[in-house]
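Please take me through this model in the viewer, one selection after another. I would like to know what to pick at each stop and what is found there.

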Amino acid sequence: MTKEEKHEDDEDVASLEKAFEETTVPSWQNQITIRAMVTSVVLSAVFNVIVCKLNLSTGVIPSLNVAAGLLGFAMVKGYTVLIQKCGYLKQPFTRQENTVIQTCVVASSGIAFSSGTASYLLGMSPITATQAETGNTPINVKQLSIGWMMTFLFTVSFVGLFSIVPLRKVMILRYKLTYPSGTATAYLINSFHTPKGARLAKKQVWVLFKSFVGSFLWACFQWFFSAADGCGFSSFPTFGLAAYKQRFYFDFSATYVGVGMICPYMVNVSLLIGAILSWGVLWPVIESKKGDWYSAKLPASSLHGIQGYRVFLAIAMMLGDGLFHVVYMVIVTLKSFMQQKSQKELIDESTEIENYDEKKRMEYFLKDQIPNTVAIAGYVVLAGISIAVIPQIFHQLKWYQVLVAYAIAPILAFCNAYGCGLTDWSLASNYGKIAILVFSSWVGLDHGGVLAGLASCGVMMSIVSTASDLMQDFKTGYLTLSSARSMFFSQVFGTAIGCVLSPLVFWVFFKAYSVGDPEGSYPAPYALMYRGIALLGVEGFSSLPKNCLKLVIIFFFASVLMNLVTEVMKKYETKYRIYRFIPSPMCMAIPFYLGAYFAIDMCIGSLILFIWQRKNKKSAKDFGPAVASGLICGDSLWGIPAAVFALAGVQAPICMKFLSASANNKVDALLAG
């Protein structure tokens, strides 16, 4: 970027704060209002249901920031307009209050992901252990209980918030890290509170509402035809019965059509490529070796049979992708440090800042400090509590092993927060997978290594994930003139809400549906995959079926190679940008276990958005995310009344099932007597 272009960009940005020059910035206490907290709780409940459903069905979770921002703005704006008309409005709705709501909701839904209710915690349960067979011993299995799950989350989820607080000025002011998601959220919130942006937001909310109602009613309509497993629109053999058996069909899920509209095109294409490669080519070939490569007597769910190939090849691709990005992020971080030092680009607080916006932002960012002594003391105290409590919940983990995890965690939290600021990638789940391998092998199978590895994953993921989330929030607060204290408080409040809501919402699904069943509506694929990683840690490669190790090595290095080629081409091939068409190994791996049905849904979502963009690009840009968010929210929230019906024993009145002509003739003959 030339100096002239940079100067023009600065001028464009500088106009932003001048638009709010007449608006008084409230104190940090007044940014945290009762209406903001109530709105946060309501929206947190909504988004916890959505994230839980997505976690339990496929594990693919898009960014829901736009929906959270829109709904938060709409709820409080509607309330304040009504109160103002009655003459009782005491405090106007500000962008700082909007940021507090956004931070709280995203923190709560973030816990729904990092809590592991659909991954490492569910991986401890007898349901998942039975599928894995190996390691299905009392010391490596734990019955799920809402009590200990909630206690565990409250113990581990707050530590990460204190681990990164002392570095907020370094990350935001000195290194000027972009934090793309945090920056995009800030500009979204800023735009809501300008006259033009408020008008657009009003239209977007109306579009989201219509999409939500349509999606909710469609999900309700589908329920009437799903009296038993294999019934209803979700089992429609769109491409024929042979394709349906290989899990190639469109299941009419509004949720994943919406997810497909939000996710980048290449993510959806990668999922479809992975599905075709696995269910269209690999699994039929391996199943033809039944009786040779694995015993023909094994059930389909056994990890020593076809299921083992599905799970461990997916794990190989995920680990290859994850380890590559961890190493790559370390290199990028070190390179960035070296460049900043050599070019002397570091600035301190005394540096004169000419840009009007930067002056204002720095003034309010530095106004309400969180003392480093408080942050460090908070980390030490909370870590100490965790070291005492976690071995009581998981006696397989000793106190000194938890201590090692908390000694390493701040370094990994910094690396993740720094890398997230550069690239917008959070590698929390990758650090969690590495923790599983390390701690499960350290403890050993006979001493509960499977459970110890999964529990350590929870510790590591919680710290690393919440640390990067908090730094994203600090960036959002910096760009909206929100106090660092109000950001920290709302993150803590949102985390507390998540620690309560996440287990509760999961428990409703867990009791109402056959969660973890590979053939059910909520297979929770990551539970078995995370347990599989723990088994690799305690047993090594001896647990793999015949020839599976060779395939694992091939897929691991193929995953690394694909990422390496992508990064090299990003740097050296800029004319045609062919790297855009290289599929993501992580995305390719997800359908290995699940099948193609959700990838087809998501590709249809991409197709809808693509056609919309070709017809009216501006309309698609303005309203596409709102339509997608409405589809996701409506379909996901139908899961609550459906779960209540299931718990109450209320069954759908109709079973719509599809049979081949020969099977239908047999049924007719049987019914005829």
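## Stop 1: Ala-74

Select Ala-74, which is partly exposed because its relative accessible area is 26%, between the 20% and 50% cut-offs. The model is a predicted one. Ala-74 sits in helix α4, residues 65-86.

## Stop 2: the salt bridges

There are 12 salt bridges in the structure. Begin with Glu-17 and Arg-95, whose closest N and O atoms are 2.7 Å apart.

Next select Lys-176 and Glu-358, a salt bridge with 3.8 Å between the closest N and O atoms. Lys-176 is in the loop between α9 (168-174) and α10 (180-192), while Glu-358 is in helix α16, so the pair ties together parts 182 residues apart in sequence. Lys-176 is partly exposed, with a relative accessible area of 42%, whereas Glu-358 is buried, at 18%.

Which residues make up the network of salt bridges? Glu-17, Arg-95, Lys-176, Asp-357, Glu-358 and Arg-361 are linked in it. Arg-361 lies in helix α16, residues 356-365, and is buried at 1% relative accessibility. From Arg-361, draw a C-alpha to C-alpha distance to Val-515: the separation is 47 Å in space and 154 residues in sequence.

A further salt bridge joins the side chains of Arg-310 and Glu-287, at 3.8 Å from N to O. This pair links distant parts of the chain, with Arg-310 in helix α15 (residues 306-343) and Glu-287 in helix α14, 23 residues apart. Arg-310 is buried, with a relative accessible area of 8%; Glu-287 is partly exposed, with 31%.

## Stop 3: Ser-278

Stay with helix α14, residues 265-287, and select Ser-278. Its relative accessible area is 0%, so Ser-278 counts as buried. What does Ser-278 contact beyond its neighbours within four places in sequence? The partners are Trp-283, Pro-284, Pro-591 and Phe-592.

## Stop 4: Gln-204

Move to helix α11, residues 195-223, and select Gln-204. Gln-204 is buried, with a relative accessible area of 10%. A polar atom of the Gln-204 side chain lies 2.7 Å from the backbone oxygen of Asp-622. Apart from neighbours within four places in sequence, Gln-204 is in contact with Leu-70, Phe-192, Asp-622, Phe-623 and Ala-626.

## Stop 5: a nonpolar patch

Turn to the surface and select Trp-399, Tyr-400, Leu-403, Val-404, Ile-408 and Trp-442, which form a nonpolar patch with about 580 Å² of accessible area together. Which helix gives the most to this patch? Helix α18 (residues 399-423) does, with five residues. Leu-403 lies in helix α18 and is partly exposed, with a relative accessible area of 40%.

## Stop 6: two positive phi angles

Most residues other than glycine have a negative phi. Select Leu-481, which is not a glycine but has a positive phi of about 60°. Leu-481 is in the loop between α20 (449-480) and α21 (484-512), and is buried at 3% relative accessibility.

Then select Arg-577, also not a glycine, with a positive phi of about 50°. Arg-577 is in the loop between α23 (548-572) and α24 (585-589). At 38% relative accessibility, Arg-577 is partly exposed.

## Stop 7: helix α23

Which residues of α23 are buried? Color Cys-548, Leu-551, Val-552, Phe-555, Ser-559, Met-562, Asn-563, Thr-566, Glu-567 and Met-569 to see them. In an α-helix with 3.6 residues a turn, residues three or four places apart point the same way.

Conventions:
Residues numbered from 1 in each chain as written. Predicted model: local features only at pLDDT ≥ 70, side-chain atom pairs only at ≥ 80, totals over all residues. Heavy atoms only, no water. Helix = DSSP H or I, 4+ residues; strand = E, 2+ residues; numbered from the N terminus. Buried < 20%, exposed > 50% of the residue type's maximum accessible area, 1.4 Å probe, protein only. Polar contact = N/O pair within 3.5 Å; in protein donor to acceptor, adjacent residues only side chain to side chain. Contact = heavy atoms within 4.5 Å. Patch = residues over 30% accessible without salt bridge, like charges linked within 9 Å, V, L, I, M, F, W, Y side chains within 5 Å. Areas by Shrake-Rupley, 256 points an atom, 1.4 Å probe, with all protein chains shown as cover. Salt bridge = Lys/Arg side-chain N within 4 Å of Asp/Glu carboxyl O.
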